[in-house]
Amino acid sequence: ISSSGGGTAVTGSGTVSSATQQVTGIDVSGLIDGTLTVSVTLTDAGGNEGSPATDTVEKDTVVPSGYTIVIDQSRIDPLNVDALSFTFAGAEVGSTYNYSISSSSGGTPVTGSGTVALATQQITAIDVSSLPDGILTVSVILTDAAGNAGSAAVHTVEKDAVAPMGYTIAIDQAYINNSNKASMSFTFAEAEIGTTYSYSISSSGGGTAVTGSGTVSSATQQVTGINVSGLTDGTLTVSVTLTDAGGNEGLPATGTVAKDTVVPSGYTIAIEQSGIDASNVASLSFTFTGAETGSTYSYSISSSVGGTPVTGSGTVASASHKVTGIDVSGLPDGTLTVRVILTDAAGNAGAEAEKTVPKSTAPSPTGGDSNRGGSGSGTQPSSIQGQVFIDGKAQTAAIVSSKLSGGRRTTTVALDDKKIQENIGKGKDKSTLLIPASSGSPDEVTGSLNAQTIKVMQLKDSTIQIDTGSVIYTLPASKIDMEAIGAWAGKDTGLQDVKVNISVIKSISDVAKIAENTAADGGCSIVVAPVEFSITCTVGDRSTVVNRFNGYVDRMVAIPEGIDPSKITTGVILNRDGSFSHVPTVVIKQGGKDYAKMNSLTNSTYLVIWNPVTFADVESHIFKDEVNDAASRLIIDGLNDSSFGPDIKITRGEFVETIIRALGLLRTDKTTDKFKDVKPGSKYMASAAAAFEYGIVGGYGDGTFRPERLITREEAMNLIVRAMKVMGMDTEISEQSARSAVEKYADGAEVNKIAVKAAAICVRNGVFNGSSKGNLSPAENISRGQTAAVILRLLKKKELI
């Protein structure tokens with residue numbers, strides 16, 4: 001074997017053992033690359049040598065080398081993700097290229113091959129959309145015609161084809177008014193650090209949009225100092241997009257806020273009394289003219305002689321709103337000045353309206369009795385011995401006082417604490433103390449006793465019940481936090497010295513008017529007018545209000561005759577801002593009367609409404625009845641008047657608010673500073689505050705609530721079980737029982753360890769039932785329709801609705 005390139009010929013010999021014998025293992029590494037010629041002769045046993053048989057082959061042992069590649073794109077983004085290209089330098093023409101493109105984030109590499117036609121050939125249109133974002137590594141090997149493979153030429157490029165997502169904004173101001181119009185701000189949640197934000201703020205009232213941009217330095221960055229004074233009053237819409245370094249622009253995150261910089265004006269007041277004397281010193285009143293409906297009034301009444309001003313506030317229900325029942329007996333006689341300021345919903349304060357009236361309460365020279373003769377506005381209280389009932393047995397153990405004033409009758413039943421304690425203490429457990437107070441159809445009823453009596457009743461697991469004829473207030477003594485009352489009174493004050501007044505009050509006309517306006521705005525009807533329930537503790541000149549119980553307390557209000565009980569939707573609380581909040585309510589019949597039985601963990605002002613709600617898009621949905629019922633009860637809102645979106649996934653904030661509404665805990669004035677992403681004015685502020693207060697949510701480790709994040713079914717189960725604890729339901733279960741319960745489902749093993757008990761408890765109570773395929777689907781996001789069904793099952797399990 002010789003080479004055209006030179007070198008010592010390679011020789012060898014052997015014996016032919018077959019006609020097609022193969023001769024192997026010949027080492028030609030000593031021959032120089034070139035055309036190798038193999039010449040073979042056969043010699044037989046007689047020494048006869050045949051003619052040479054020859055063949056040739058190319059020898060090429062030099063691998064391709066010295067080539068490089070450069071990726072032509074500086075970054076891979078959505079615009080070029082299907083067109084990556086690279087260019088050779090020093091490639092061996094005629095060789096074969098093989099490339100492999102991988103991502104630092106994983107995925108299946110993208111590969112390809114071809115023939116090099118130019119030393120600077122460009123390889124184009126490579127689609128890397130299947131690779132996850134990360135650092136892409138392009139590795140290319142050239143193999144020459146002889147099969148010699150060169151070393152890999154490598155180049156990298158960053159791929160970022162996913163736009164920022166999951167971020168939201170919350171406008172930090174509840175309203176934009178004169179005081180903050182030059183310093184509006186908003187706060188991000190889950191913003192991508194390093195991206196560029198761009199905002200545009202427009203007004204429904206017109207004006208040139210306000211724009212701005214900057215760089216995101218934290219996920220919860222606050223953008224401050226935005227001047228929107230140039231925008232016309234109206235609804236401001238803030239639209240913010242994030243753009244990452246790859247030029248990927250996310251979807252707009254939006255928020256709205258009302259801008260109102262017009263201060264209330266043109267209003268005046270008139271004091272109803274021409275003078276303040278002993279007969280009306282506790283009932284000064286004034287009337288507005290031209291007041292802005294819905295604004296808040298704040299008054300201050302001072303005397304020319306000094307003393308501490310009398311102050312108060314409320315909501316204006318009409319342009320001629322009347323403020324009544326102001327007690328100015330604490331002010332010394334002199335000229336009283338009433339000063340009133342109106343502040344609209346946006347926080348704009350109007351000018352002060354002012355009026356004066358003389359006050360003189362000194363006895364007349366004749367020493368006459370102001371209640372004798374004439375047509376005075378009230379009657380002196382009359383007091384008689386009265387009866388209460390312990391488990392149906394009459395006890396003469398109370399003094400009943402009744403007074404008519406301003407057209408309203410007030411009845412006070414002052415219990416003989418010593419007798420009650422003796423009778424309850426020596427009686428059976430779980431007895432009921434009934435305080436009847438229906439005589440004269442009173443507007444206000446108060447049962448008065450001391451805290452020691454309540455403590456004795458607690459020890460006997462007894463219940464206080466006030467019956468006004470139209471309202472039955474049932475209060476288990478165990479539901480009152482006596483430890484908190486004792487701590488408030490102080491260690492030097494005995495419980496027998498703490499006076500406790502339990503009151504049931506038909507609301508005055510101003511409050512009823514506010515409720516009527518809210519009902520009219522919401523398209524519902526009031527079936528039972530507002531009734532206030534309160535408990536006040538007094539020691540000397542100190543007092544405190546008991547507004548929270550250790551469990552549900554029921555109050556039953558009679559449904560007026562002639563009203564169809566099926567036309568009762570729910571009881572509601574009248575919030576301080578005039579809005580309604582759901583209270584768990586069921587209609588029952590007792591003693592031949594129909595009652596709306598409302599169960600609440602608090603005290604407040606309650607009324608009963610008829611509020612049928614239906615949505616067109618749930619007409620054929622599996623959860624049609626649950627959705628319409630929950631919306632009618634004000635537990636959950638629709639997307640608009642006709643659409644609910646039952647299959648839309650619900651957010652964490654919406655789910656928590658639905659729980660809080662369902663349990664009757666939503667108070668629109670509640671606030672909290674526990675969550676840095678729930679700012680004042682946020683739509684979830686009140687529900688987040690209540691959920692934190694009652695231990696339903698605790699937030700994340702970074703101090704956030706993350707209201708816009710979708711919630712999985714197993715996360716929802718955890719929250720539902722916490723709600724069950726607040727409701728007084730049984731939430732005890734062993735690890736073994738819990739695991740056995742969830743493993744009955746096909747995907748039970750997928751339930752997160754920390755959610756196993758919650759899932760089992762929810763299943764045990766029939767709150768979550770699983771799918772028709774036998775799955776719990778723990779990691780699946782829960783929908784709005786499913787939420788309505790789950791919440792109603794929870795309330796029905798506790799027999800609250």
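Trainee: How far apart are the centres of domain 2 and domain 6?

Mentor: In this predicted model, the two centres, taken over C-alpha atoms, are separated by 50 Å. Domain 2 covers 68–159 and domain 6 covers 616–798. Between them in the chain come domain 3 (168–259), domain 4 (268–359) and domain 5 (384–610), while domain 1 spans 1–59.

Trainee: Why are helix 1 and helix 2 called roughly parallel?

Mentor: Their axes meet at an angle of about 5 degrees. Angles under 35 degrees count as roughly parallel, and the pair is therefore described in that way. The axes of helix 1 (residues 417–426) and helix 2 (residues 451–459) are 9 Å apart.

Trainee: Which residues make the contact between these helices?

Mentor: Helix 1 contributes Asp417, Ile420, Gln421, Ile424 and Gly425, and helix 2 contributes Gln452, Thr453, Val456 and Met457. By class, the contact of helix 1 with helix 2 has 4 nonpolar, 4 polar and 1 charged residues. Gly counts as polar under the classification.

Trainee: What makes the space lined by Pro442 and Val504, among others, a cavity?

Mentor: A cavity is a set of points where a 1.4 Å probe fits but cannot get out. The search of the whole structure finds 1 cavity of 30 Å³ or more, and the volume of the largest cavity is about 40 Å³. Its lining also includes Asp443, Glu444, Thr468 and Lys506. Strand 30 (444–450) and strand 33 each give two or more residues to this lining, with strand 33 providing the largest share, 3 residues. The lining of the largest cavity comprises 5 nonpolar, 2 polar and 3 charged residues.

Trainee: What is known of the second largest pocket, and which residues lie nearest its centre?

Mentor: A pocket, unlike a cavity, is an open set of points. The second largest pocket has a volume of about 1,300 Å³. Of the 40 residues in its lining, Glu532, Leu574, Asn575, Arg576 and Thr605 lie nearest the centre. The elements that supply at least two lining residues include strand 33 (499–506), helix 4 (509–522) and strand 34 (525–539). Strand 23 gives the most, with 4 residues. The lining of this pocket divides into 13 nonpolar, 16 polar and 11 charged residues.

Trainee: Where does serine 204 stand relative to glycine 7?

Mentor: The two residues are 197 residues apart in sequence and 92 Å apart in space, C-alpha to C-alpha.

Note on methods. Residues are numbered from 1 along each chain as its sequence is written. This is a predicted model: local features need pLDDT of at least 70, side-chain atom pairs count only at pLDDT 80 or more; totals for chains, interfaces and linings use all residues. Side-chain values use heavy atoms; hydrogens and water are left out. On a 1 Å grid over the protein atoms alone, a cavity is a set of points where a 1.4 Å probe fits but cannot get out, and a pocket is an open set with protein on both sides within 12 Å along at least five of seven lines; lining residues have an atom within 4 Å of a point. Grid points are joined across faces, edges and corners, and a volume is the space filled by probe spheres set on the points. Axes are lines fitted to C-alpha atoms, for helices over the stretch in contact, and angles run from 0 to 180 degrees between N-to-C directions. Angles under 35 degrees count as roughly parallel, over 145 as roughly antiparallel, 65 to 115 as roughly perpendicular and the rest as oblique. Contact means heavy atoms within 4.5 Å. Domain bounds come from an automatic or database domain assignment.
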